[in-house]
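User: I would like to go through this model with you, one question at a time. Could we start once the structure is up?

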Amino acid sequence: MTDHHSDIDAVSGKSTTGHEWDGIKELNTPLPRWWVICFYLTIVWSIGYWIVYPAWPLISSNTTGMFGYSSRADVAVELANLEKIRGDKMVALGAASLADIEKDPALLALARAKGKTVFGDNCAPCHGSGAAGAKGYPNLNDDDWLWGGTLDQIMQTIQFGARSGHAKTHEGQMLAFGKDGVLKPDEIVTVANYVRSLSGLSTRSGFDAAKGEKIFAENCVACHGDGGKGNQEMGAPNLTDKIWLYGSDEAALIETISQGRAGVMPAWEGRLDPATIKAMAVYVHSLGGGK
Amino acid sequence: MNKTVNPNELKPADDVGPLYAARKKVYPQSVSGTFRRIKWGLMAICLGVYYFLPFVRWNRGLGAPSQAVLIDLPNSRFYFFFIELWPQEVYYFTGLLIVAAVALFLMNSVGGRIWCGYLCPQTVWTDLFYAVERLIEGDRRERMKKDKSSDPMKLERISEIVLKHSIWLMIAWWTGGAWVLYFNDAPTLVKELVTFQGPMIAYIWIGILTATTYVLAGYMREQVCTYMCPWPRIQAALTDEWALNVTYRYDRGEKRTSVKKAAELRALGQQVGDCVDCYQCVAVCPTGIDIRNGPQMECIQCGLCIDACDNVMAKIGRPKRLIGYDNDINIHRRQEGKAPIYRIVRPRTIVYSAIIAAIGGFMVYMLATRSLLDVNVLHDRNPVAVKLSDGSIRNAYTVRLLNKSGYDRAIAIDVEGPVNPTMHVVGADSVTPDRPIIVIPRDSTSELRLLVTAPAENNPEKSIPVRFHVMDIGLGVAASATDNFVAP
């Protein structure tokens, strides 16, 4: 208080704080006492937080507060409550058939929401967060399916995977016709051009279509079928459509034919519970390409 | 001019300014007159509306709330008689707040702090609490005497105090009780509350508002206006030289004398002021100020000093309105012997009125023409487009349909933009593949995943604007939303 001096302002007749800036003085307008008391009370109140809540860091931990409050425990309780709330709905999801889920707007919304989350956690690394895929990893939005695009087929693929090592997994792969010496390099170029011609893509000049057809019939028809329409039993892609998992240019096709392809889809049975797998099947099916 | 003081030369005795000021309790005296009557009337209207509005019923049909004014938080709806607002229509409240703000400006430029003096909840409830206090403890002098008295309390005094606080608390409790009724069906909630089956949150809010009403109207009173409310500061910037404020007409009042002295001087033919220094204006003031010191921030302009002064002027046979709604311009004009002029209509008030009319009119127009069917469309971002096995392009959209009406609607969706489009709604039966038909329950929203497919050869552009039309196939009401159809 020793610095607090005042004198009387001649105009207003009020005392000033004694502070002066360029000849302008600050009038002393006292705060209301109740205000000051309230202010001190808030300070006292704040001390309560130190006592009631975790506050002070110690060397290896911290003070826990009077009631052992922890925000993490709160979150755990809320998550447990959420699981409880979701529990019934997930049971309903597990009990309903895949087709019924798609017909019930509430179950569909739940399956899509749940499926989307689980997809983001488990599938997005390969298939992309929007399931748009990448080279070697199928786009799940389109209507081209290696192993079938019905709800049941999608569910089966998710459950057991492809070439995953699971007992019920999808088997079958693209052989390495070049590496294994089945076809000679010029035969590979010819059949690659023939495959391009199946879906109306341009072919190299001087390409012998008859020779290509013969090589195709001898080596490829077993899996890809007559005319290259593919076979979902063996995961053999349709070669006549516009969708190419590994690329449609000549170099990519030559690589595929000579080196073979055997992409792996892991089996999710055992890792995800059945209701979740169902939700994911419905989600993938609802992306738009499902049959 | 102040003389500059070197702080180092000051002695402790010079240190006269207190840092903290104790509140000087105000004991407003009862008064009767025009403005007191206006205040009673407005108080009755304001409190009547506040306490009883939740009980007003309004028929909206089966299944919908029948309360005229209801803020339905769990279902995110606001009901006001024939209007039902959804959360996304909150801009109507923005408009209302703008109109309210400009209305305050207009009031201020016409008649000063009309809001503070007559309508503000703080003023209304404080006025009511003062009335209770006066009824039980007596008028100004008695209350001052009782507060100052150092005699040991007698039973009578104790019962007075207990009675006063009980009535205050009952008013405060009713205030809190009325508040929660705006958030739930009032008759049901009242029944639940009195049988102690009401929701805990209701009791908590009643408790909070009981406490604030009791403390703010019973204890804080004018301190709220002086120290806590920003409006006195703002209004000082809004007033102008033509605004009519509660003003002591010093041209008439000065020089102040006593009644006796004034009569003597008048008999001698001398000029004397009408103010007889009776301090009635100070005695009735709910903020404890002296209006004769000119416009002050503490003054809420309730007009009670006008009544008090008028009563005195009538008694001593002088003209009324020594204190009245006036401004400095007229005081100076009268001093110069000219007639006063009142300029209510002037650019400032015209502009404020125009703003109120424009925004109010716009809001009414928007409200009257708003559609009870709406559609929002959000394009899938990942992937934006999908190439199908036959080479055609498919885009996916999240479509949100809003049915704000009180009945279910069957909605047909049409798309316009890409050539030869086909549509599919995920989960919906494909009975009408080219024109999906969806039923949206009343007063709700439906979110759909809509797939639009179009041949690539017919739609060579990278991006085509699309417009989705949704139409109520029964009533023909339509809405639309735009987006783009994108090639991969």
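This is a predicted model: local features need pLDDT of at least 70, side-chain atom pairs count only at pLDDT 80 or more; totals for chains, interfaces and linings use all residues.

User: Which strands stand at the edges, each with a single partner strand?

Analyst: The open sheet of chain B is built from 3 strands in the order E2-E3-E4, with antiparallel pairing. Two of these strands have a single partner each, so one side of each is left without a neighbour in the sheet. The edge strands are E2 (69-72) and E4 (83-85) of chain B.

User: By how many degrees are neighbouring strands of this sheet turned against each other on average?

Analyst: Here the direction of the strands is ignored.

User: Now the helices: are H4(B) and H6(B) roughly parallel or antiparallel to each other?

Analyst: Helix H4 (residues 121-137) and helix H6 (residues 155-181) of chain B have axes that come within 10 Å and cross at roughly 155 degrees. Angles over 145 degrees count as roughly antiparallel. The relation of H4(B) to H6(B) is therefore roughly antiparallel.

User: How many charged residues does the contact of H4(B) with H6(B) have?

Analyst: On the H4(B) side, the residues include Phe129(B), Glu133(B) and Glu137(B), while those of H6(B) include Glu160(B), Lys164(B) and Trp168(B). By class, the contact has 8 nonpolar and no polar residues. The number of charged residues is 4.

Definitions and conventions
Residues are numbered from 1 along each chain as its sequence is written. Chains are lettered from A and ligands numbered from 1 in the order in which they are written. Two strands pair if DSSP finds at least two bridges between them. Helices (H or I, at least four residues) and strands (E, at least two) are DSSP runs, numbered from the N terminus. Axes are lines fitted to C-alpha atoms, for helices over the stretch in contact, and angles run from 0 to 180 degrees between N-to-C directions. Angles under 35 degrees count as roughly parallel, over 145 as roughly antiparallel, 65 to 115 as roughly perpendicular and the rest as oblique. Two residues are in contact if their C-beta atoms, placed from the backbone, lie within 7 Å. Ala, Val, Leu, Ile, Met, Phe, Trp, Tyr, Cys and Pro count as nonpolar, Asp, Glu, Lys and Arg as charged, and the others, Gly among them, as polar.
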